[in-house]
Amino acid sequence: MVPGDFIACGKRRVIVFCAFRPTGNPARLDEIFRSISLSDNTIAARLLDVVEHDILPLTRKGVAAGNKVFGAAILRKSDLSLVIAETNNELENPLWHGEVHALKRFYELGEKPATKDLIFLSTHEPCTMCMSAITWAGFDNFYYFFSHEDSRDAFAIPHDLKILKEVFGLEPGGYRRSNAFWSSFAISDLVETEADPRKGELKGQTARIKAAYAGLSDSYQASKSDNDIPLN
Ligand SMILES: [Zn+2]
């Protein structure tokens, strides 16, 4: 886009959208307006799309191979474009949770943005290992779709909460969700702040994503007795 007259600017949480009038091309201007439509481009909407269209397809393959259902992605704060999406690969290494596997792949990229300019998205509230990895990598945020309680109750994966309790002596939700390193956000909370009818659409998408994960969880649980992942 060619910088020109300033025409619009809006802020949705951490994202600031600005548009400038391109010289002599009204059609391009319409295109830019469509692309920055604030009602369509809230961070909750974009993160749900990334879960559904970028992470889930990878996770379907991962679960078919015998891995867990957890995935992650890294996006640019500037335009919410995707840098990388990944999924759990514990069959190769029990440390390759979706988040750590995404970070591994991220650091294998030739050119990469600084983590201070990036958003970390986790399909499930990160475990203590992943939370620390996100911290050590320099992110100032993470967003998640399912909670620790969901992992325990809907996915039969109680290890996150058990480690919090056994190693750190913390009850569910007992860690500092906002601290000197980062702030964390449940996507479901962000959806609740949307106005109708957008909120209804995002809740519909949320239900669709949950149904997809329920099917994948059933597949993993049916196969896990065959793997030697320590905390399976
Ligand atoms: Zn983890």
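**Fold and packing in the predicted model**

Of the 232 residues in the protein, 32% are buried. A residue counts as buried if 20 or more other C-beta atoms lie within 10 Å of its own, as exposed if 12 or fewer do, and as partly exposed in between, with C-beta atoms placed from the backbone. The model is predicted: local features need pLDDT of at least 70, side-chain atom pairs count only at pLDDT 80 or more, and totals for chains, interfaces and linings use all residues. Residues are numbered from 1 along each chain as its sequence is written.

The secondary structure comprises 8 helices and 7 strands. These elements are DSSP runs, numbered from the N terminus: helices are H or I with at least four residues, and strands are E with at least two. Among contacts with a separation of 6 or more, 55% join residues 24 or more positions apart. A contact requires the C-beta atoms of two residues, placed from the backbone, to lie within 7 Å.

Five strands form the sheet described here. The sheet is open, its pairing is mixed, and its order is β4-β3-β5-β6-β7. Strands are taken to pair if DSSP finds at least two bridges between them. β4 and β7 (183-186) are the edge strands, and each pairs on one side only. From one strand to the next, the twist averages 20°. Axes are lines fitted to C-alpha atoms, for helices over the stretch in contact, and angles run from 0 to 180 degrees between N-to-C directions.

Strand β5 is mostly covered, with 7 of its 7 residues buried. It pairs with β3 in the antiparallel sense over 5 bridges. Within this pairing, Ser122 of β5 is the bridge partner of Ala72. β5 also runs parallel to β6 (residues 141-146), and 3 bridges join the two. Here Leu121 has Tyr143 of β6 as its bridge partner. The chain passes from β5 through α4 to β6 in a right-handed β-α-β crossover. Right-handed applies if, with the strands pointing away from the viewer, the path from the first strand over the helix to the second runs clockwise. β6 pairs in turn with β7, in the parallel sense and over 4 bridges. Tyr143 stands opposite Phe185 in β7.

Helix α3 lies across β3, β4 and β5, and runs at about 135° to β4. Its buried residues are Gly98, Glu99, Val100, His101, Ala102, Leu103 and Phe106. The cover over these residues includes β3 (71-76), β4 (82-87), β5 (118-124) and α4.

Two packed helices are described by the angle between their axes and the distance between the axes. The axes of α3 and α4 come within 8 Å and cross at roughly 30°. α3 is therefore roughly parallel to α4. Angles under 35 degrees count as roughly parallel, over 145 as roughly antiparallel, 65 to 115 as roughly perpendicular and the rest as oblique. Glu99, Val100 and Leu103 of α3 make the contact with Met129, Cys130, Ala133 and Ile134 of α4.

Helix α6 (residues 159-168) has Asp160, Leu161 and Leu164 as its buried residues. They span an arc of only 100° around the axis, so they sit on the same side of α6. The arc is that of the directions from the helix axis to the C-beta atoms. An α-helix has 3.6 residues a turn, so residues three or four places apart point the same way. The cover over the buried residues of α6 includes α4 (128-136) and α5 (148-153). On the face turned away from the buried side, Glu166 and Val167 are exposed. Gly169 follows α6 and has a positive phi, near 70°.

The loop between α5 and α6 holds Phe155. Phe155 counts as buried, with 20 C-beta neighbours inside 10 Å. Leaving aside neighbours within four places in sequence, Phe155 contacts Val69, Asp150 and Ser217. Phe155 and Val69 are 86 residues apart in sequence, and their C-alpha atoms are 8.8 Å apart in space.

Several loop residues have backbone features of interest. Most residues other than glycine have a negative phi, and most peptide bonds are trans. Ala156, in the loop between α5 and α6, is not a glycine, yet its phi is positive, about 55°. Ala156 is exposed, with 12 other C-beta atoms within 10 Å. Leu80, in the loop between β3 and β4, is not a glycine either and has a positive phi of about 60°. Leu80 is buried, with 20 other C-beta atoms within 10 Å. The peptide bond from Asp196 to Pro197 is cis, with omega near 5°. Pro197 lies in the loop between α7 (187-192) and α8 (198-223).
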